[in-house]
Amino acid sequence: MSQVLTHQQLLKIAGEFGTPLYVYHAERITEQYRRLQQAFTETNTAFFYACKALTNISVLKHIKSIGCNADCSSVNEVQLALMAGFSPQQVLYTSNNIAFSEIEKAVSLGVHVNIDSLSNLRKFGDKYGHSYPVGIRLRPNIMAGGNLKISTGHNKSKFGIPIEDTGKVIQLMKEKNLHIRTLHIHTGSEIKDVEVFARGIEVLFELIPHFPELEVIDLGGGFKVPYAPGEEGTDITLLGKKVKAEFEAIEKRYNRKLQIWFEPGKFLVSEAGYFIVQVNVLKQSGDTTFAGVNSGLNHLIRPMFYGSYHHIENISNATAALHRYNIVGNICETDNFAEDRMVAEIREDDYLVFYNAGAYGFEMASNYNSRFKPAEVLVKDNKSSLIRRRDTLEDILATQVVPAD
Ligand code: LLP
């Protein structure tokens, strides 16, 4: 049985810290990490938390404390991870369409680097030759993922070096004496079907003999977690077994033992996060009841941006009869969190909780409409700590420069 924060706990935290509020449950993150470790005990596997999902430094510190590594998508994330206490060896930087100067910075910080273009790979070879091991992000031409915006491995995707250009990678490796240690693919987010990961390994299978210094196959992230009640996520145990079989085949065919890396984001933090809002206004229009809350797409953009489902409960009136609502935000454009959603009878001022708010929730929040971003709280050892205070008007003005007249 998964660890959850109860309605009572959430109500107490909301009362103490105010809303809108993101709440993260440290033990739930640990539980997910242990599940992963458990599923991969029989293979040489390392996990790098895709910290783009949630980068609050207190969360990063917790993830470091349980033994997980960090995967970063910008050099700023790399610096945050190092500040959180990860050693450079525990940090991976998977770049995507970035300036070469950012790769130079990552190298100066001593972290693992995955490169996703021939152009940057050539520059890397010119500057570092064999002196710094590097990973290659390949685009496997596999269509997978919850929706097109988060599908990254298909044959029209901007991500990675197209697999059909592997010959050019090999040529560059020889020409520049590159030390290629890792082959990386990431096909998308919310991949339920374990076969997709198996296919990814198979795509890389034939390439292995061409890379004599290869030590790592990095399969990226993208494990699906359940968002709606009754929905199922990726079967991690089955995935562990499939990956084991694929890697045994590699070992048998090439007599080489490779390490496997994964970069889970949602899997580690999505279910550990709760977003609590309050109802400002109830509005009736024909058959529709709008529940207008003190938040909007500026705080949780996933429903509007991807059409994502987030389960919502009224924690102030949980045992009341269910009614149908459109739960909407207070931003100056349509920001529906949920349409025709059955929720326990809502009254003004009630607290509503959005589940699965740990991944890409606060992280994608903005100050649109000059509204403050939510505060964040971490619950650990039954103690609730503020890990980000709410914005103030001074914060909104802090980076603005008013030119002298
Ligand atoms: N590795 C790489 C190279 C990635 O680009 C990503 C996610 C991950 C790992 C982690 O994927 P995850 O395990 O979290 O699915 N904002 C979107 C998700 C964007 C994912 C971007 N890349 C959402 O809210 O659904």
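A polar side-chain atom of E263 lies 2.6 Å from a nitrogen atom of the ligand, and the table sets this pair beside two others, each a polar contact (a pair of N or O atoms within 3.5 Å).

| Residue | Ligand atom | Distance |
|---|---|---|
| S189 | oxygen | 2.5 Å |
| E263 | nitrogen | 2.6 Å |
| Y360 | oxygen | 2.7 Å |

Taken alone, the ligand exposes 580 Å², of which the protein buries 92%, with accessible areas from the Shrake-Rupley method and a 1.4 Å probe. The model is predicted, so that local features need pLDDT of at least 70 and side-chain atom pairs pLDDT 80 or more, while totals for chains, interfaces and linings use all residues. Residues are numbered from 1 along each chain as its sequence is written, and side-chain values use heavy atoms, without hydrogens and water.

Around the ligand there are 18 residues, of which S189, E263, K266, R302 and Y306 come nearest (a residue is near if one of its heavy atoms lies within 4 Å). This shell divides into six nonpolar, six polar and six charged residues, with Gly counted as polar and Tyr as nonpolar. At least three of its residues come from each of domain 1 (40-265) and domain 2 (273-397), the bounds being from an automatic or database domain assignment.

A search of the whole structure also finds one cavity of 30 Å³ or more (on a 1 Å grid over the protein atoms alone, a set of points where a 1.4 Å probe fits but cannot get out; lining residues have an atom within 4 Å of a point). The largest cavity has a volume of about 40 Å³, taken as the space filled by probe spheres set on the points, and its lining consists of I185, H186, T187, V196, F197, G200 and L219.

Technical notes. Polar contact = N/O pair within 3.5 Å; in protein donor to acceptor, adjacent residues only side chain to side chain. 1 Å grid on protein atoms, 1.4 Å probe; cavity = no way out; pocket = protein on both sides within 12 Å on 5 of 7 lines; lining within 4 Å.
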